[in-house]
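Visitor: I've got a protein chain on my screen and I'd like someone to walk me through it. Could you take my questions one by one?

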Amino acid sequence: MNIRLTRPLVFFDLETTGTNPLKDRIVELSYLKVNQDGTTEEKQYRIKPVDINGNQIKSSPGAVAVHGITDEELADKPTFRDLAKSLMEVFAESDIAGYNSNKFDIPMLMQEFARVGEGFTLIGRNLIDVQNIFYKHEPRTLKAAYRFYCDKDLVDAHQSLADVKATYEVFMAQIDKYGLGPDTEAVAKHSRLGDNVDIGGRLSKDKDGEIVFNFGKYKGKSVKEIFRQEPSYYTWMMEGDFAKDTKDIITAIYLSNKR
């Protein structure tokens, strides 16, 4: 890999019961971790999706049609809670990469960690969305990206380990083709679309680099200033259905006001 890794880089991919990070659950997780010395490790997990009472959650028919993983296949698999500690170790002190990961996989993963009480955070990490790089240069699907960059056919699309390995290969080809680098921080910035600060796009930066709201009645207003004027707005957001990374960022801003 012709970029400098400032820390390990974890490529990962999820298959899920549906598409709502706040309600759906992970049924399969695969990762390929690239260490700073160039060595790699990979693993695939099937996961039993459960509710707060431990009852299995059924996948939507649409989700099963995409990934082909039936509820029966997951009945005897470990739950996310069973795997959370070991997964935290995989992602610890690492940057994160994936295909459409900023919009889907990362929010889904963060919600799963939050449900089991693990303090998974994006603060201080570089996030690389290979799809965003691709869309900036050659807007197509992962299958087409694999053909375009690697001159190969992606036979097992929507099987998570095949997808994550293909994403890794596409990423390495993008590094060479577009001369990206020199490190993961620079590539993460290049893979970002717009000025969003959080994954869900609830927060962004204005022309002066100030973090502002990107929704609602305070859209375009400074988060720091609104929290000073109306602390209850912070409380409302913390109690609302906002993604964990959004809450992490606004909490840091809220606490900075109190110093």
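What follows is a short chat about the sheet, the helices on it and the salt bridges of this predicted model.

Visitor: In what order do the 5 strands line up in the sheet?
Guide: The sheet is an open one, and its pairing is mixed. Its edges are strand 3 (40-46) and strand 5, each of which pairs on one side only. From one strand to the next, the twist averages 20°. Reading across the sheet, the order is 3-2-1-4-5.

Visitor: Which residue in strand 2 is the bridge partner of Phe11?
Guide: Let's start with the strands: strand 1 covers 9-16, and strand 2 covers residues 26-34. These two pair in the antiparallel sense over 8 bridges. Over in strand 2, the partner of Phe11 is Leu32.

Visitor: At about what angle does helix 4 run to strand 1?
Guide: Two helices are worth a look here. Helix 3 packs on the sheet, and its direction makes about 20° with that of strand 2. Helix 4 lies across strand 1, strand 2, strand 4 and strand 5, and its angle to strand 1 is about 80°.

Visitor: Which residue forms a salt bridge with Arg4?
Guide: Look for a partner 179 residues away, in the loop between helix 7 (160-178) and helix 8 (184-191). The closest N and O atoms are 3.0 Å apart, inside the 4 Å cut-off for a salt bridge. The partner is Asp183.

Visitor: Is Asp183 buried or exposed?
Guide: Buried means under 20% relative accessible area. Arg4 has 48%, so Arg4 is partly exposed. Asp183 comes in at 12%, so Asp183 counts as buried.

Visitor: How far apart are the closest N and O atoms of Lys207 and Asp208?
Guide: Both residues count as exposed: Lys207 at 79% and Asp208 at 64%. A salt bridge needs these atoms within 4 Å, and this pair forms one. The distance is 3.6 Å.

Visitor: How many salt bridges does the count come to?
Guide: Some salt bridges are linked in a network, such as the one with Glu28, Arg46 and Glu73. With the 4 Å cut-off, the count comes to 15.

Methods:
Residues numbered from 1 in each chain as written. Predicted model: local features only at pLDDT ≥ 70, side-chain atom pairs only at ≥ 80, totals over all residues. Heavy atoms only, no water. Salt bridge = Lys/Arg side-chain N within 4 Å of Asp/Glu carboxyl O. Helix = DSSP H or I, 4+ residues; strand = E, 2+ residues; numbered from the N terminus. Buried < 20%, exposed > 50% of the residue type's maximum accessible area, 1.4 Å probe, protein only. Pairing = 2+ DSSP bridges. Axes fitted to C-alpha atoms, helices over the stretch in contact; angles between N-to-C directions. Contact = heavy atoms within 4.5 Å.
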